[in-house]
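Here is a briefing on salt bridges. Look over the sequence and the model before reading on.

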Amino acid sequence: MKIETLLPLGKLDPGLRAAAALDVTAVAEEARLAEALGYEGIVAEETKDDPFIILALAAQATSRVGLATTVAIAFPRSPTVSAMTAWTLQKVSRGRFTLGLGSQVKGHIERRFGVKWSAPGPWLREYVGAVRAVWDCWQHGTKLDFQGEHYRLNLMVPLFAPGPIEHYPIPIHLAAVNAYMCQVAGEVADGIRAHPVATPRYIEEVMLPAARQGAAKAGRDVAGFALCVKPLVATAVDEAGLADRIRDVRARIAFYASTPAYLAAFETQGYGEVAQQLQSYSRAQRWEEMPALISDEMLETYATAGTYDEIAGKLRARYAGVATHLEFAIPGAGEPDRHRLRGLLDQLRAA
């Protein structure tokens, strides 16, 4: 497995509380440290900051570590805009960039981004096709002529065509939870960015078979297809500290289970009724009551908990057979913490 980290280093899951903002002026320093610690990847998510800007800063400060959006929201952006941003980042990073795209849910697309909603699976399939058509035009000089339901692209003049790049093609990963989006990823993408609620069983029984089905439909080879996981992790130096981390992760599971789009990931594990009850709590704004509905058994199903002495072994046992990339971090400031983190990364890579 390749081990990745989200900046800032050691960022903890905030549960139902608001996550702290990233200090963008410290991105270069954080990225250099992540590379020095031995991470294979730095990822940026679209929450409070533009992930492309974060990765551009990280790219200029590093030379080896991979860089990926996990994920950027596709639909508010024109495919040509996303194509150009990725093109520039691939040049800046000298071939280390992966474009991770996600669909988001209807409420956010319509009410936060102001974009008309459509069925996300077919839309994202077309979106990736449009991005690749633009790239093909720039790299090989082919005529741009993409015709779809959402996008019709047929104009590219020399002034606006950046021309070929050295490191081509650029990998594309899709965020996915449900089987249909996994099938789309298998058809058109190079990997899946699995949602944190995707358990190893769900990945093996639902996600990967759907991706293989999509690849077969498109006549594609799945060799090298990436399955990137961002597991829900509760870890601390000792049992006392672990209790606080478990509390936050329990709250995060409750939040995810209250999201209707993720229902299948809970039904598969036998927690569909709990998820539906949490949906009603969410609609009633009963946020503080939600974590109590997550039993210890349900917590163990969706999260990996253990002290620093235990956590690497537990994560390896859960994900070594299904994941190609794993996101992991522990908090730390001084050299003793960094030494411990290096050791944990070595243990995880041993998988």
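This is a predicted model: local features need pLDDT of at least 70, side-chain atom pairs count only at pLDDT 80 or more; totals for chains, interfaces and linings use all residues.

Residues are numbered from 1 along each chain as its sequence is written, and side-chain values use heavy atoms, with hydrogens and water left out.

**Overall count**
- The whole structure holds 17 salt bridges (a side-chain nitrogen of Lys or Arg within 4 Å of a carboxyl oxygen of Asp or Glu).

- D346 and R349 both sit in helix α13 (residues 335-349), three residues apart, about one turn of the helix.
- Helices here are DSSP runs (H or I, at least four residues), numbered from the N terminus.
- D346 is partly exposed at 48% relative accessible area (buried is under 20%, exposed over 50%, partly exposed in between, with a 1.4 Å probe and protein chains only).
- R349 is partly exposed too, at 26%.

- E187 pairs with R125, with the closest N and O atoms 3.0 Å apart.
- E187 belongs to helix α6 (residues 179-188) and R125 to helix α5 (residues 120-140), so the bridge ties together parts 62 residues apart in sequence.
- E187 is buried at 10% relative accessibility, whereas R125 is partly exposed at 21%.

**A network**
- Salt bridges link D244, R245, R247 and D248 in a network.
- Within it, D248 and R247 meet at 3.3 Å, N to O.
- D248 is buried at 4%, while R247 is partly exposed at 44%.

Notes. Helices (H or I, at least four residues) and strands (E, at least two) are DSSP runs, numbered from the N terminus.
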